[in-house]
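Please look over the sequence and the three-dimensional structure shown here before reading on.

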Amino acid sequence: MVCLGNICRSPLAEGILKSKVDPEKVLVDSAGTASYHVGEAPDIRSIMIARKNGVNISKQLGRQFKLSDFDEFDRIYVMDHSNLQNVLKLARTDADRAKVELILNELKANSNQDVPDPYYGGDEGFEQVYRLLDAATDNIVNKLENGSI
Ligand code: 4NP
């Protein structure tokens, strides 16, 4: 799960998906394309909206996306088009590129929509991000269960 800062959207995506899968079977992690918040806990507003929904993301620590993530993970979900560009710039091969997908395309195929960056807005933005990621990760879980991922 990749966003810009790895403090608002991708920590939520990580925490929500982790809460729905068997950790022995599925490795879920998150990262930011930027390094501003490396080593930091998620934004308090993400921690609070997750907590309200029974998901604890408070122990996560920010890290930057790295080349070896292309080797470590089968799917790389980005939150928006800017993240998409930044990750694709680092891709070394067609196989790397094929792993990268806008996460909301799992909610609605080929919709090419962004998870809005809630950083500069109010709590409502975080509620919306939570709802979108909860729905998208439901579909990811269905695909994992039916073997199409
Ligand atoms: P995120 O949100 O990419 O969802 O973690 C942001 C967090 C920090 C900044 C921008 C977006 N920032 O500019 O520091």
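Predicted model: local features only at pLDDT ≥ 70, side-chain atom pairs only at ≥ 80, totals over all residues.

Residues are numbered from 1 along each chain as its sequence is written, and side-chain values use heavy atoms, with hydrogens and water left out.

**The ligand and its surroundings**

- The residues around the ligand are C3, L4, G5, N6, I7, C8, R9, Y36, H37, D117, Y119 and Y120, where a residue is included if one of its heavy atoms lies within 4 Å of the molecule.
- A polar backbone atom of G5 lies 2.8 Å from an oxygen atom of the ligand; a polar contact is a pair of N or O atoms within 3.5 Å, and within protein one must be able to donate a hydrogen and the other to accept it, while residues adjacent in sequence count only if both atoms are side-chain atoms.
- Side chains also reach the ligand: a polar side-chain atom of R9 is 2.8 Å from an oxygen atom of the ligand, and a polar side-chain atom of H37 is 2.9 Å from an oxygen atom of the ligand.
- On its own the ligand has 350 Å² of accessible area, and the protein covers 92% of that area; accessible areas come from the Shrake-Rupley method with a 1.4 Å probe, and for residues only the protein chains shown count as cover.

- S30 is placed in the loop between α1 and β2 (31–32), with helices (H or I, at least four residues) and strands (E, at least two) taken as DSSP runs and numbered from the N terminus.
- With a relative accessibility of 4%, S30 counts as buried, a word that stands for under 20% relative accessible area, whereas exposed stands for over 50% and partly exposed for values in between (1.4 Å probe, protein chains only).
- The side chain of S30 makes a polar contact of 2.9 Å with the side chain of N6, and another polar contact, of 2.7 Å, joins the side chains of S30 and E14.
- If neighbours within four places in sequence are left aside, S30 is in contact with M1, N6, S10, P11, E14, Q60 and R63, contact being heavy atoms within 4.5 Å.

**Two asparagines with positive phi**

- N6 has a phi near 55°, a positive value in a residue other than glycine; N6 lies in the loop between β1 (2–3) and α1 and is buried, with a relative accessible area of 2%.
- N112 also has a positive phi, near 50°; N112 sits in the loop between β4 (100–102) and α6 and counts as partly exposed, at 42% relative accessibility.

**The nonpolar cores**

- The largest nonpolar core has 28 residues, of which M1, L12, L17, M79, I103, V115 and L133 touch the most other members; such a core is a set of buried Ala, Val, Leu, Ile, Met, Phe, Trp, Tyr and Cys residues joined through side-chain atoms within 4.5 Å.
- At least two residues of this core come from each of α1 (9–18), α2 (44–52) and α6 (123–146), and α6 gives the most, with eight residues.
- Apart from this core lies another, of 12 residues, among them V2, A31, F73 and L102.

**Helix α2**

- At the start of α2, a side-chain oxygen of D43 comes to within 2.8 Å of the backbone nitrogen of R45.
- The buried residues of α2 are S46, I47, I49 and A50, and what covers them includes α1 and α6.
- After α2 comes G54, whose phi is positive, near 80°.

**Aromatic pairs**

- A search of the whole structure finds two aromatic pairs; rings of Phe, Tyr and Trp (its six-membered ring) pair if their centres lie within 6.5 Å, and planes under 30 degrees apart count as stacked, over 60 as edge-to-face and the rest as tilted.
- F65 and F70 form an edge-to-face pair, at 5.3 Å centre to centre with 85° between the planes; F65 is buried at 9% relative accessible area, and F70 is buried at 1%.
- The ring centres of Y119 and Y120 are 4.8 Å apart and their planes are at 80°, so this pair is edge-to-face; Y119 counts as partly exposed at 31% relative accessibility, while Y120 counts as exposed at 76%.
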